[in-house]
Number of protein chains: 2
Amino acid sequence: MTTIKDIARIAGVSVATVSRVINESGYVNTDTRKKVEEAIKLMNYSPNEVARSLYKRKSKLIGLLLPDITNPFFPQLARGVEDRLQEHGYRLIFGNSDENEDKELDYIRTFVQNNVIGVISSTNFPDSDTYLNLKIPIVFLDRTSNESPSVYADGREGGRIAAQEIISRGSKQITILQGPAHIKPAQDRFQGAVEVLEELGMTYHVIQTSSFSYAEAGQWAKILFEQHIDTDGVIASNDIVATAVLQEAHRLGKAVPQDVQIIGYDDTPLSSLLSPSLSTIRQPAYDMGREAAGLLIKLIEQNKVENTIIQLPVSFVERETTRTMN
Amino acid sequence: MTTIKDIARIAGVSVATVSRVINESGYVNTDTRKKVEEAIKLMNYSPNEVARSLYKRKSKLIGLLLPDITNPFFPQLARGVEDRLQEHGYRLIFGNSDENEDKELDYIRTFVQNNVIGVISSTNFPDSDTYLNLKIPIVFLDRTSNESPSVYADGREGGRIAAQEIISRGSKQITILQGPAHIKPAQDRFQGAVEVLEELGMTYHVIQTSSFSYAEAGQWAKILFEQHIDTDGVIASNDIVATAVLQEAHRLGKAVPQDVQIIGYDDTPLSSLLSPSLSTIRQPAYDMGREAAGLLIKLIEQNKVENTIIQLPVSFVERETTRTMN
DNA sequence: TTGTACGCGTTATCAC
DNA sequence: GTGATAACGCGTACAA
C-alpha cells in the first residue's frame with residue numbers, strides 16, 4: 001500500500017505538505033503542489049480513510065439498519081438513502097435487523113466501533129437505551145419517536161384513506177388484515193382503517209397476521225377466505241399480503257374487483273405489474289430514503305436544523321383491484 | 001468515548017494487559033483478568049475497530065457491490081451474503097453500481113480506503129484493472145471471470161432448460177426477450193435458449209431490451225405483442241419482464257397458458273404469488289449469497305482453498321404459466 | 001505474569 | 001511556505 005510518506009519521499013517534500021495539498025488546507029507553493037500532485041497520480045495514491053478516521057474520530061461511514069432488505073419496500077428506502085449519501089461522499093454500512101432488538105443493538109455497536117458519523121434506522125425500539133445513548137446523529141426512517149429526527153409517511157392517515165376508498169367504492173363486508181403486532185407502522189395503518197370503519201358504523205372483521213413474509217402471506221389469504229368467505233373488501237397490511245389475497249381470490253373463482261375489492265399498502269413496484277393491477281396506498285419509499293439521508297447530512301454538517309421531523313404524504317393509487325366510483 | 005487506557009487505569013493495570021484479556025492472547029492472571037473484565041463491563045467498553053484496523057491493516061469490513069438492490073433478485077443475494085458474514089463477525093459496506101464501471105471503480109476504491117478485508121462483487125467488468133490490481137480476496141457473485149473465485153448459477157443451462165420446457169409443452173411460435181446486452185448473465189441465458197431453438201429448428205423471434213427496470217418492462221411487453229401477435233410462447237429475460245408480459249397478455253385477452261405460455265427467470269419471491277403463478281427458471285439467490293460469503297471467508301482465513309469456482313444448479317419451477325405435459 | 005515503548009497512516013500545531 | 005512532531009486508540013515486541 002502506498003502511504004503519504006511514500007508520496008512525500010517521491011515528491012521530495014514532507015508529509016505535512018502532502019497533507020496540505022490533499023486537504024487544501026494552509027499555504028503551499030504552486031510548484032511544490034504540482035510535484036505532489038504528480039507523485040499522487042504516479043502512485044495512484046488515495047489516503048487511508050482508517051487513519052483519517054482514527055485521528056479525526058469520525059469517518060465518512062453511515063450506518064443503515066433495515067428490518068429486512070428482502071421485503072420489497074425496503075430496497076426502495078435503501079436506494080434512496082444510498083443515492084443521496086453517495087452524492088455527498090458518504091458510504092454505507094448496512095445490516096438487517098429482522099425487527100430483532102438484540103441484532104439491532106449488535107449492529108449499532110459495531111457501527112459505533114467503526115466511527116460511523118451517523119445512523120439511519122428503521123426500528124421498533126427508537127426509545128431504547130441503544131439510541132438514547134448514541135452520541136451521533138440518528139434519523140429514524142419509516143418509524144417515529146417523540147421528538148427525534150424522523151422521516152416517515154403517515155400510517156394512520158394511510159389506513160384511513162384505504163378504508164374510505166374501499167367503502168366509498170361499495171364494499172360492505174370488509175376484512176382487515178392486521179399486520180404484525182410489533183411493527184408500528186403496520187399497527188398505525190390498521191388503527192387508521194379501524195377508526196374509519198367504526199366512525200361509519202361498518203361491520204368488519206380482522207385477521208391477525210404475524211409477518212410480512214412471502215412464505216406465509218399465502219396462509220393469511222387462505223385463512224381470510226375460510227373465515228370470511230363472503231367478504232367483499234380486503235384491506236391488506238401491505239402489497240405482499242394483498243398479492244397473496246388476490247391470488248387466493250382467483251383460486252376461489254372470485255372476481256376482482258366485482259366480488260371482492262382489494263387494497264394493498266406501500267405501492268411496491270410489482271403492484272402495477274399484477275393483473276389485475278393492485279390498488280394500493282402509496283408510500284414514497286425512495287423519496288423517504290432520500291429525505292432521511294438529506295436530514296442526516298444536515299444534522300451532521302450543520303449545528304442547527306429547522307425541521308427534524310419530516311412527514312411525507314401517502315396517497316391512494318387507483319388501479320384495477322378496486323371498482324371505479326360512480 | 002472510553003478507550004483501552006481508561007480501562008487500564010480503572011482496573012489498575014497496563015493497556016497491554018487489557019489488550020491481552022480482550023484478545024485472549026498471552027498469559028494473564030485469573031485475578032487481574034477478572035478486574036479487567038469488571039472494568040470493561042462497568043464502562044460498557046468495546047474496542048475501537050478503527051484503531052484496530054489501522055494497526056492490523058485490515059478490518060472486519062467486507063465490501064459488497066451489487067448492480068441495483070431495487071431489482072428483487074439482488075436483495076436475496078445480499079441477504080444470503082449478510083447472514084453468513086454476520087455469523088462470522090464481519091460487516092458489510094454496500095453500494096449499488098447500476099452496472100456502471102465508473103461508479104464501481106469509485107466504490108471499490110473507497111472499500112479499499114476503508115481497509116475492507118475482502119470484496120464480493122456482481123460486476124460486468126471482472127477483468128478490469130480495478131479487480132486485477134486488488135490485493136485482497138474477491139469473489140464474483142452471479143458473474144464469472146476466468147479462474148477468479150466466483151459463485152454463480154449456469155445461465156446458459158438455464159436458458160436451455162427454459163427453451164426445452166416451453167417447446168416440450170407445445171409452443172411453436174416462440175419469442176425470446178433478450179436482456180440488456182451489457183449484462184452477461186442475461187446474455188448467457190439468451191444464448192442457451194437460442195441454442196436449443198436452433199438445434200431443434202424452431203422458428204423464433206427476438207425482442208431486444210435494454211434494462212430490467214419495472215418502469216420499462218411494460219414497454220417491452222407491449223412491443224412484443226405488437227410485433228409478434230401470434231406468439232404462443234415467451235421466454236422472458238427475468239421475472240420482472242415476465243410479469244409484465246403476463247399482464248399484457250391479460251390485457252389483450254390472451255389466455256395464459258392456453259394461448260401463450262410464459263417462462264420467467266430468477267424465481268423471485270413474487271413469482272409464486274402471481275395469478276396465474278409464474279413458471280420460471282429458479283436461481284438459488286439466497287444460497288448463492290451464502291456461498292459467496294462462505295467462499296470469501298475461506299479465502300480470507302485459510303491460505304489454500306480447494307474449490308474457488310462454485311456453480312449452483314438452476315431448475316425449472318413449474319407453475320401455472322406453462323401447460324402441463326401430456 | 002505484567003509493563004513500556006513503538007508503530008499503524010493521517011492531521012494539526014508550532015516552529016522555522 | 002515548509003517541516004518536525006505529537007496525537008488518535010490499539011496490538012505486540014521486548015524487557016522486567
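User: Why is H8(B) called oblique to H9(B)?

Analyst: The axes of helix H8 (residues 155-168) and helix H9 (residues 184-199) of chain B cross at roughly 40 degrees and come within 6 Å. Therefore H8(B) counts as oblique to H9(B). The classes are these: under 35 degrees is roughly parallel, over 145 roughly antiparallel, 65 to 115 roughly perpendicular, and the rest oblique. Axes are lines fitted to C-alpha atoms, for helices over the stretch in contact, and angles run from 0 to 180 degrees between N-to-C directions. Helices (H or I, at least four residues) and strands (E, at least two) are DSSP runs numbered from the N terminus.

User: What is the handedness of the crossing of H8(B) and H9(B)?

Analyst: H8(B) passes H9(B) in a right-handed crossing.

User: Which residues make the contact between H8(B) and H9(B)?

Analyst: H8(B) contributes residues including Gly155(B), Arg156(B), Ala162(B) and Gln164(B). Among those from H9(B) are Pro185(B), Phe190(B), Gly192(B) and Leu197(B). The contact holds seven nonpolar, six polar and six charged residues. Contact requires C-beta atoms, placed from the backbone, within 7 Å. As for class, Ala, Val, Leu, Ile, Met, Phe, Trp, Tyr, Cys and Pro count as nonpolar, Asp, Glu, Lys and Arg as charged, and the others, Gly among them, as polar.

User: What should I know about the model itself?

Analyst: This is a predicted model, in which local features need pLDDT of at least 70 and side-chain atom pairs count only at pLDDT 80 or more, while totals for chains, interfaces and linings use all residues. Residues are numbered from 1 along each chain as its sequence is written, and chains are lettered from A and ligands numbered from 1 in the order in which they are written.

User: How do you know that H2(A) is roughly perpendicular to H3(A)?

Analyst: H2(A) and helix H3 (residues 30-43) of chain A pack at about 85 degrees, with axes 10 Å apart. That angle is why the pair is labelled roughly perpendicular. Thr17(A), Val18(A) and Val21(A) of H2(A) meet Thr32(A), Arg33(A), Val36(A) and Glu37(A) of H3(A). By class, the contact has three nonpolar, two polar and two charged residues.

User: What makes H5(A) oblique to H12(A)?

Analyst: The angle between helix H5 (residues 73-87) and helix H12 (residues 285-301) of chain A is about 40 degrees, and their axes are 7 Å apart. So H5(A) is oblique to H12(A). The crossing of H5(A) and H12(A) is right-handed. Its contact residues are ten nonpolar, four polar and five charged.

User: Why is chain A called more spread out than a compact globule?

Analyst: Chain A has twelve helices and twelve strands. Its radius of gyration is 25 Å, well over the 20 Å that the globule rule gives for 326 residues, so chain A is more spread out than a compact globule. The radius is taken over C-alpha atoms, and the rule is 2.2 Å times the number of residues to the power 0.38. Along the principal axes, the C-alpha atoms of chain A fill a box of roughly 85 × 40 × 35 Å.

User: Which residues are closest to DNA strand C?

Analyst: Of the 29 residues that surround DNA strand C, the closest are Ile4(A), Asn48(A), Ala51(A), Asn29(B) and Thr32(B). H2 and H4 of chain A, with H2 and H4 of chain B, each give two or more residues to that surface. Its classes are 16 nonpolar, ten polar and three charged.

User: Which residue does a cis peptide bond join to Ser275(A)?

Analyst: Pro276(A), with omega at about -5 degrees. Pro276(A) lies in the loop between strand S9 (261-266) and strand S10 (280-282) of chain A.

Terms used:
Near = placed C-beta within 6 Å. Left-handed = near helix turned anticlockwise from the far one by under 90°. Contact = placed C-beta atoms within 7 Å.
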